[in-house]
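I opened this entry to look up ring contacts, pockets, the core and the overall fold. My notes follow in that order.

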Amino acid sequence: MALAEKKSPPQSWIDPDTGHRVIRVTDEPGSASLYFNINAYTPDGKQMIYTTADRGIGVIDLATFTAKPLVKGPVGGGPGAVVVGQKTPTVYYFKGLKGDAQYASLWSANIQTGEQRKIADLPRRAGIFSINADETLGVGSYIIGDGEDY
């Protein structure tokens, strides 16, 4: 019995419901865009971040559709990346501390230079999910005690 040949989706198509052109910007297996309400674009609109198969962060140049790795994973929870800043080409994300899944730290990575820096250790059972418009405050939550997370 022959295996069915897996067909790749097209590079671009017109959405029948909206009439908008949809462009697939990477063929990287396991990669994903950020959810629509999370800013993934640099302030100049020339680059976009995405999550990689190893739950890291990659960057796509939107003029050439060339992709490059930025942060090796795993980072964050859920989508991994937190958000791209509104003022600077910086992605803010959190990652767990080795040896204890209850603790994490907030990090930033400059999208142009690749420079990464630790901003702060977070409280136990905490996460950051946004950064304010001038990139001076992180917004998040944490769970008090040892009860269930939900």
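I counted two rings of Phe, Tyr or Trp as a pair if their centres lie within 6.5 Å, taking the six-membered ring for Trp. By this rule I get one aromatic pair. Tyr 35 and Phe 36 make up the pair, with 4.8 Å centre to centre and 50 degrees between the planes. I logged the pair as tilted because planes under 30 degrees apart count as stacked and those over 60 as edge-to-face. The model is a predicted one.

Next I looked for a charge over a ring. I found the charged end of Lys 95 over the ring of Trp 107, 3.8 Å from the ring centre.

I moved on to pockets. The largest pocket has a volume of about 440 Å³. I list 21 residues in its lining, with Arg 24, Val 25, Thr 26, Ala 32 and Ser 33 nearest the centre. By type, the lining has 14 nonpolar, four polar and three charged residues.

For the core, I noted 27 residues in the largest nonpolar one. Ile 49, Ile 57, Leu 70, Val 91 and Tyr 93 have the most contacts inside this core. Strands that each supply at least two of its residues include β3 (47-51), β7 (90-97) and β8 (100-110).

Last, the fold. I count eleven strands and zero helices in the protein chain. The C-alpha trace spans about 50 × 45 × 30 Å along its principal axes. Of the 150 residues in the chain, 31% are buried.

Definitions and conventions: Residues numbered from 1 in each chain as written. Predicted model: local features only at pLDDT ≥ 70, side-chain atom pairs only at ≥ 80, totals over all residues. Heavy atoms only, no water. Lys NZ or Arg CZ within 6 Å of the ring centre and 35° of its normal. 1 Å grid on protein atoms, 1.4 Å probe; cavity = no way out; pocket = protein on both sides within 12 Å on 5 of 7 lines; lining within 4 Å. Points joined across faces, edges and corners; volume = space filled by probe spheres on them. Nonpolar A, V, L, I, M, F, W, Y, C, P; charged D, E, K, R; others polar. Core = buried A, V, L, I, M, F, W, Y, C linked by side-chain atoms within 4.5 Å. Buried < 20%, exposed > 50% of the residue type's maximum accessible area, 1.4 Å probe, protein only. Helix = DSSP H or I, 4+ residues; strand = E, 2+ residues; numbered from the N terminus.
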